[in-house]
Amino acid sequence: MPKLRPLLVHNRIFFLGPGVNSIAKSGISYADGMQVQFSPDLQIEPYTTYWAGSGRSLVSMGSFSYTLSTLPSSVSVGRYSSIALGLRVMGAKHPLEWASTSPVFYNRQLMMRTYEGDLAEQPRYQKFEYQAGNITIGNDVWIGENVTLGHGVSVGDGAVIASNAVVTKDVAPYTVVGGVPAKVIRSRFDDETVRLLLEAQWWRYSPSSLRDVDVRHPHEFAANVIELAKTSDIEEYSPSFLDGRELEEAARS
């Protein structure tokens with residue numbers, strides 16, 4: 001962590017915890033010898049926040065998003081998204097279509113190797129493979145506490161996932177879902193407002209660029225962003241991002 005902190009501070013990536021009240025102190029509450037996990041293709045935009053120790057596992061994340069959950073590397077997050085505590089990804093898949101779902105029939109794990117040695121017997125292992133799939137969390141997504149996501153799930157822009165939901169299918173943009181398994185509760189807005197928000201893609205812009213449009217009125221907000229873009233009165237926010245290779249170099253130095 002001491003080697004990574006200057007790079008995180010420079011790139012405005014916040015590791016918040018006890019005693020952190022400025023960007024200069026980002027990450028000071030983490031243990032010096034703590035290992036931080038990340039992949040080489042990681043990309044983190046500035047003004048992202050990893051709360052409550054969630055920075056132990058870094059994922060690609062867009063500006064103005066935050067997470068209180070420690071996320072696996074299979075997850076990527078867009079801009080302006082909010083992730084509460086307790087987000088989990090489902091465990092390994094089992095062969096539901098087989099006569100048995102037990103891994104003893106396809107996984108020669110320590111238990112089965114020990115069994116073979118103790119009894120001098122060799123069971124037959126069948127081939128079982130599956131692709132877990134990456135999870136994409138879009139822009140302006142709000143995920144409540146203790147949500148579970150299935151492998152390969154995509155959460156659309158503007159979606160909301162209620163606390164304790166188990167999401168096994170893709171979530172459409174601007175849809176509120178909840179339950180076990182998660183089902184659609186309602187749309188956040190009427191169809192025309194959703195259409196305008198998706199056309200506007202307002203998350204391409206910084207908060208300061210949007211200061212003259214009123215976020216309290218979604219339909220007008222989206223229409224005004226579209227008009228500003230047409231007249232070139234607004235510029236897209238395109239900051240430099242921190243990538244995994246830079247972090248690797250810093251860790252080795």
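Biologist: How do you know which residues Thr-148 touches?

Modeller: Contact means heavy atoms within 4.5 Å, and by that rule, with residues up to four places away in sequence not counted, Thr-148 touches Arg-88, Met-90, Ala-165, Val-166 and Val-167. This is a predicted model, in which local features need pLDDT of at least 70 and side-chain atom pairs count only at pLDDT 80 or more, while totals for chains, interfaces and linings use all residues. Residues are numbered from 1 along each chain as its sequence is written, and side-chain values use heavy atoms, with hydrogens and water left out.

Biologist: Why is Thr-148 called buried?

Modeller: Buried means under 20% relative accessible area, exposed over 50%, and partly exposed in between, with a 1.4 Å probe and protein chains only. Thr-148 has a relative accessible area of 13%, so it counts as buried.

Biologist: And what makes the approach of Thr-148 to Arg-88 a polar contact?

Modeller: A polar contact is a pair of N or O atoms within 3.5 Å; within protein, one must be able to donate a hydrogen and the other to accept it, and residues adjacent in sequence count only if both atoms are side-chain atoms. The side chains of Thr-148 and Arg-88 make such a contact at 3.5 Å.

Biologist: Why are β1 and β16 called edge strands?

Modeller: In the open sheet of 8 strands, the order is β1-β3-β5-β7-β10-β13-β15-β16, with mixed pairing. The strands β1 and β16 each pair on one side only. Within this sheet, β5 (residues 66-67) and β7 (residues 82-83) pair in the parallel sense over 2 bridges, and Tyr-66 has Ser-82 in β7 as its bridge partner.

Biologist: How do you know that the length of α4 fits a helix?

Modeller: The expected span is 1.5 Å times one less than the number of residues. For the 13 residues of α4 (residues 218-230) that gives 18 Å, and the end C-alpha atoms are 18 Å apart, so the two agree.

Biologist: What makes you say that the buried residues of α4 are on the same side?

Modeller: These residues are Phe-221, Ala-222, Val-225 and Ile-226. The arc, which is that of the directions from the helix axis to the C-beta atoms, is only 130° for them, and therefore they sit on the same side of α4. They pack against α3 (191-200).

Biologist: How do you know that α3 has one buried face?

Modeller: In α3, Thr-193, Val-194, Leu-196, Leu-197 and Ala-200 are buried. Seen down the axis, they fall within an arc of 165°, so they line one face of the helix. The buried residues of α3 pack against β16 (183-187) and α4.

Biologist: What makes a group of residues a nonpolar core, and which members touch the most others in the largest one?

Modeller: A nonpolar core is a set of buried Ala, Val, Leu, Ile, Met, Phe, Trp, Tyr and Cys residues joined through side-chain atoms within 4.5 Å. Of the 36 residues in the largest such core, Ile-137 and Ile-161 touch the most other members. A second, separate core of 16 residues includes Ala-200, Tyr-205, Leu-210 and Ile-234.

Biologist: Why is Phe-38 called partly exposed?

Modeller: Phe-38, in the loop between β1 and β2 (43-44), has a relative accessible area of 22%, so it is partly exposed. Leaving aside neighbours within four places in sequence, Phe-38 is in contact with Leu-58, Gly-244, Leu-247 and Glu-248.

Notes:
Helix = DSSP H or I, 4+ residues; strand = E, 2+ residues; numbered from the N terminus. Pairing = 2+ DSSP bridges.
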